[in-house]
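Please look at the sequence and the model first, and then read on.

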Amino acid sequence: MGFLVSPAELELRRNRCRSAVNSLSGAPRQFVSRCNVCGSENSCVLAYNDRYGMPLRTAMCTACGLVYLMDRLTQDGYSDFYRDGAYRQLTSAFAGSVATIEDLQADQGAYARNLMCFLEGRVPRDRSVRVLDVGGSSGQVVQELAHRFGVYGTVIDPSAEEIAAARRIGLEGIVGTVEVWDTAERFDMILMCRTIEHLWDLRGSLEKIRRLLTPDGLFYCDFLDYMELCRMTGHPQTVSKVDHCYWLTLDNAPALFRSMGFDVVSLHMVPNPQFIGMLLRQCAPTSIAPMQWTQAQPAIRALQQIITDWKREPGRRAGIPTRVRRKVGRIARNAVGL
Ligand SMILES: [Zn+2]
């Protein structure tokens, strides 16, 4: 089959993560008993551990299809996790390499250029147009938008250091999170790039974003398609991770967004099919008609098949020289952030 992370590869990577995982064993945790979006307590547990080997269950809500961490850190636990370097240590150990500042900047630049292609023609070229980037780090993406379309850019991010960098390049910067930001400002466009999986309260955050938009405002949000990632990477435990509390799929995202008051205007899957971007506009929230078990079954069956195929994956692939195999694997993994 050729999954990106075979059982043997997962074991190897988890061994590299072991000391970082052990150091997090005392972090405060909580059990999530209900789906954050639809409120249902019906679920299918997909994995008992995340990709790093942390004992955190991943579940799929069988009423709406949202994939979520059933065990996660508390909000304070996550703050410490991101602040004290444990997050970077864990991701570097899993990837087997440390991303440099130059790598991150190049990645942000490529991301911004791709987004500009998607948004071309949809953003009026006017300084009175206000754009907010939620979780926008040091602001490269919204700066590109300001540069290309002449709009006024604002970034909100919890990192004081990143916001200081955003201010240095001429953006308005707010240190904090959108959930607690108290403002009378309204925005013509809000971006949430590579962030939705990290949210603590998905529904609460999206409801707040809706209030921050002008009536005709546009919301751009992207996500990694959980099902497609499993098809590429392997068992759900090779995909799930402590820092992603929620996962969407292409199948369930439009209904989930509609239930939170957003309609899809346009979507794209460039440059990678597992990475979906959605341009959304406000609509009246519609409640999700809870799926019956039979409706949840196709997704569960598809995952069943992936798990069966993944378990048959040979430990070593025969016939390809190791050096070539490593290089091909590295290129493929880079494409999905592994
Ligand atoms: Zn649900």
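Cys-64 has a relative accessible area of 7% and is therefore buried, where buried means under 20% relative accessible area, exposed means over 50% and partly exposed lies in between (1.4 Å probe, protein chains only). This is a predicted model, in which local features need pLDDT of at least 70 and side-chain atom pairs count only at pLDDT 80 or more, while totals for chains, interfaces and linings use all residues. Residues are numbered from 1 along each chain as its sequence is written, and side-chain values use heavy atoms, with hydrogens and water left out.

**The zinc site**

The protein donors of the zinc ion are the SG atoms of Cys-35, Cys-38, Cys-61 and Cys-64, lying 2.3 Å from the ion; donors are N, O and S atoms within 2.8 Å of the metal (3.2 Å for Na, K and Ca), and because water is not among the atoms, sites may look incomplete. The angles among the four donor atoms run from 103 to 117°, and the site is tetrahedral, a label given to four donors if all angles lie between 85 and 135 degrees. For comparison, the ideal angle for four tetrahedral donors is 109.5 degrees. Along the sequence, the donor residues follow the spacing C-x2-C-x22-C-x2-C. Cys-35, in the loop between β1 (29-31) and β2 (43-47), and Cys-64, in the loop between β3 (58-61) and β4 (67-69), are 29 residues apart and link distant parts of the chain; strands are DSSP runs (E) of at least two residues and helices (H or I) of at least four, numbered from the N terminus.

The structure holds zero disulfides, a disulfide being a pair of cysteine sulfur atoms within 2.5 Å.

| Cysteine | Closest cysteine sulfur | Distance |
|---|---|---|
| Cys-193 | in Cys-221 | 8.4 Å, too far for a bond |
| Cys-230 | in Cys-44 | 12 Å, too far for a bond |

Cys-193 is buried, with a relative accessible area of 11%, and Cys-230 is buried at 0%.

In helix α7 (residues 202-212), the residues Leu-202, Ser-205, Leu-206, Lys-208, Ile-209 and Leu-212 are buried. They lie on the same side of α7, because they cover an arc of only 160° around the axis, taken from the directions from the helix axis to the C-beta atoms. Thr-249, in the loop between β11 and α10, is buried at 5% relative accessibility.

Note on methods:
Four donors count as tetrahedral if all angles lie between 85 and 135 degrees; four count as square planar and six as octahedral if opposite donors are over 155 degrees apart and all others between 65 and 115; anything else is irregular.
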